[in-house]
Every structure is written in C-alpha cells, then in structure tokens.
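Let's take a friendly walk through a protein model together. Have the sequence and the 3D view ready, and look up each residue as we reach it.

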Amino acid sequence: MSTQIVARVLVKALMAMPAPDFSLCLFLIPERVQMEDQFKTLIVLSHYLETARFHQFWDEAAKNRHIVEVVPGFEQAIQAYAIHVLSLTYQKVPRSVLAEAINIEGLSLDKFLEHQVANFGWVLEKGQGRGQLIALPHNEFNHPELKKSTADSIVLEHITRIFPILG
C-alpha cells in the first residue's frame with residue numbers, strides 16, 4: 001500500500017464534504033497507518049471542518065501545504081463547503097465571518113463577493129469594512145417557515161371531551 005496515494009484519496013474525500021467520504025475511507029485504513037503524521041493531520045483537518053472551525057482549519061492547512069496541495073482544487077472545494085455551511089446557518093453573514101471561513105481577505109474578497117452577487121443572488125448590505133453584512137439566498141434551513149400540518153391536527157371537540165375526565 002502506498003501511503004502517498006492513500007493520503008491523496010483522503011484529501012479528495014475531504015474535498016467532498018459534507019458527504020461522509022472521509023469517514024468511510026478512514027474505516028478502510030488500518031489503524032497503524034492512521035497513526036502516521038500525515039494521516040493524523042488529515043483527521044484533525046476533517047474534525048475542524050465537521051465542527052465548522054474554519055479559522056483553525058485554514059491555520060492547520062497552511063502548516064501542512066505539502067499534504068493538501070497534492071490535489072488541485074483543494075482550496076476551492078473547502079471554500080465551497082464553508083459557504084454551504086454558512087448558507088445553512090445565516091440569513092445575513094458578517095463580512096468578517098465569511099472572510100475567516102473562506103480564508104480570503106482584501107481585494108480578493110471584494111472580487112469574490114462581486115462574483116457571488118452577480119451569479120448567486122448574494123446581496124451586499126450598506127456598510128463598509130468588517131461590519132458589512134452579506135445577505136445570502138434563502139433556503140429551507142436559513143429561512144424556516146411555519147408549516148401547518150393538517151394530518152397531525154386534533155379536532156377541538158375531541159379535546160373538550162377529555163377535560164371532564166381530567167378534572
């Protein structure tokens with residue numbers, strides 16, 4: 001078994017987040033192999049992603065570029081995952097939170113936001129700098145609506161019959 005190839009497969013699995021590919025692949029790797037430093041690092045990176053600790057993730061990834069940069073598109077895939085998590089959590093995300101989650105700042109962040117506004121329906125609210133809010137498109141998780149289920153409703157007459165029994 002080539003540990004370099006196994007590490008690449010795990011990096012690709014990280015790129016597939018939120019799919020459970022990483023955990024599934026990890027079950028196929030013997031524990032003695034998982035104890036090697038590069039695999040420990042990938043496990044830590046996975047944990048940071050699963051718990052949405054993006055700042056720690058990007059710090060750790062920067063320290064271990066030699067592991068994660070072997071697969072092209074790694075950074076873009078993780079940024080897409082971070083945006084996915086933010087869109088499930090926020091209706092309006094502070095610019096600073098977004099910048100930390102996707103690891104982009106300054107002019108690069110401005111260009112990224114312009115692209116998202118033009119192509120994906122993001123809205124930049126008034127304000128400047130780190131305090132600016134970005135309105136994300138609504139979805140079923142960040143914009144819940146109260147749904148009345150007729151199948152689960154109880155007729156009032158049935159409830160009034162119970163009151164004399166309870167009293």
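This is a predicted model: local features need pLDDT of at least 70, side-chain atom pairs count only at pLDDT 80 or more; totals for chains, interfaces and linings use all residues.

## A first stop: Ala-52

You can find Ala-52 in the loop between helix 4 (37-50) and helix 5 (54-63). Its backbone is worth a look too: Ala-52 has a positive phi of about 55°, although it is not a glycine.

With a relative accessible area of 37%, Asn-103 is partly exposed.

Now go back towards the start of the chain. Met-17 and Pro-18 are joined by a cis peptide bond, with omega at about 10°. Pro-18 belongs to the loop between helix 1 (3-15) and helix 2 (21-27).

## Rings that meet

How many aromatic pairs does the structure hold? There are 4 of them. In one, the ring centres of Phe-57 and Trp-58 are 5.1 Å apart and the planes stand at 80°, so this pair is edge-to-face. The cut-off behind that step is a plane angle over 60 degrees.

Both partners are hidden from the surface: Phe-57 counts as buried because its relative accessibility is 0%, and Trp-58 counts as buried at 5%. Another pair is formed by Phe-112 and Trp-122, whose ring centres are 6.0 Å apart; their planes are at 80°, so this pair is edge-to-face. Phe-112 lies in helix 9 (residues 106-120) and Trp-122 in the loop between helix 9 and strand 2 (123-124), so the pair ties together parts that are 10 residues apart in sequence. Phe-112 and Trp-122 are both buried. Rings can also gather in a cluster: Phe-57, Trp-58 and Phe-74 form one.

Helix 9 has 15 residues, and from its first C-alpha to its last it reaches 21 Å, close to the 21 Å expected at 1.5 Å a residue. Its buried residues are Leu-109, Phe-112, Leu-113 and Gln-116. Seen down the axis of helix 9, these buried residues fall within an arc of 100°, so they line one face of the helix.

What about the face turned away from that buried side? There you will find the exposed residues Leu-107, Lys-111, Glu-114 and Ala-118.

## Charges in pairs

Side chains of opposite charge can pair when their charged atoms come close. A search of the whole structure finds 3 salt bridges. One of them joins Arg-95 and Asp-110, whose side chains meet at 2.3 Å, N to O. Arg-95 lies in helix 8 (residues 95-102) and Asp-110 in helix 9, so this pair ties together parts that are 15 residues apart in sequence. Arg-95 is buried, with a relative accessible area of 13%, whereas Asp-110 is partly exposed at 28%.

Another salt bridge links Lys-92 with Glu-125, and their closest N and O atoms are 2.9 Å apart. Lys-92 lies in strand 1 (residues 92-94) and Glu-125 in the loop between strand 2 and strand 3 (133-135), so the pair ties together parts that are 33 residues apart in sequence. Lys-92 is partly exposed at 43% relative accessibility, and Glu-125 is partly exposed at 24%. Arg-65 forms a salt bridge with Glu-69, with 3.5 Å between the closest N and O atoms. Here Arg-65 is partly exposed at 31%, while Glu-69 is exposed at 52%.

## A nonpolar patch outside

Which residues form a nonpolar patch on the surface? They are Ile-154, Leu-156, Ile-159, Ile-162, Phe-163 and Leu-166, and together they have about 640 Å² of accessible area.

Take Leu-156 as an example from this patch. Leu-156 is in helix 10 (residues 156-166). Its relative accessibility is 61%, so Leu-156 counts as exposed.

Definitions and conventions. Residues are numbered from 1 along each chain as its sequence is written. Side-chain values use heavy atoms; hydrogens and water are left out. Rings of Phe, Tyr and Trp (its six-membered ring) pair if their centres lie within 6.5 Å; planes under 30 degrees apart count as stacked, over 60 as edge-to-face and the rest as tilted. Buried means under 20% relative accessible area, exposed over 50%, partly exposed in between (1.4 Å probe, protein chains only). Helices (H or I, at least four residues) and strands (E, at least two) are DSSP runs, numbered from the N terminus. Patches are made of residues with over 30% relative accessible area and no salt bridge: like charges are joined within 9 Å, nonpolar side chains (Val, Leu, Ile, Met, Phe, Trp, Tyr) within 5 Å. Accessible areas come from the Shrake-Rupley method with a 1.4 Å probe; for residues, only the protein chains shown count as cover. A salt bridge is a side-chain nitrogen of Lys or Arg within 4 Å of a carboxyl oxygen of Asp or Glu. The expected span of a helix is 1.5 Å times one less than its number of residues. The arc is that of the directions from the helix axis to the C-beta atoms.
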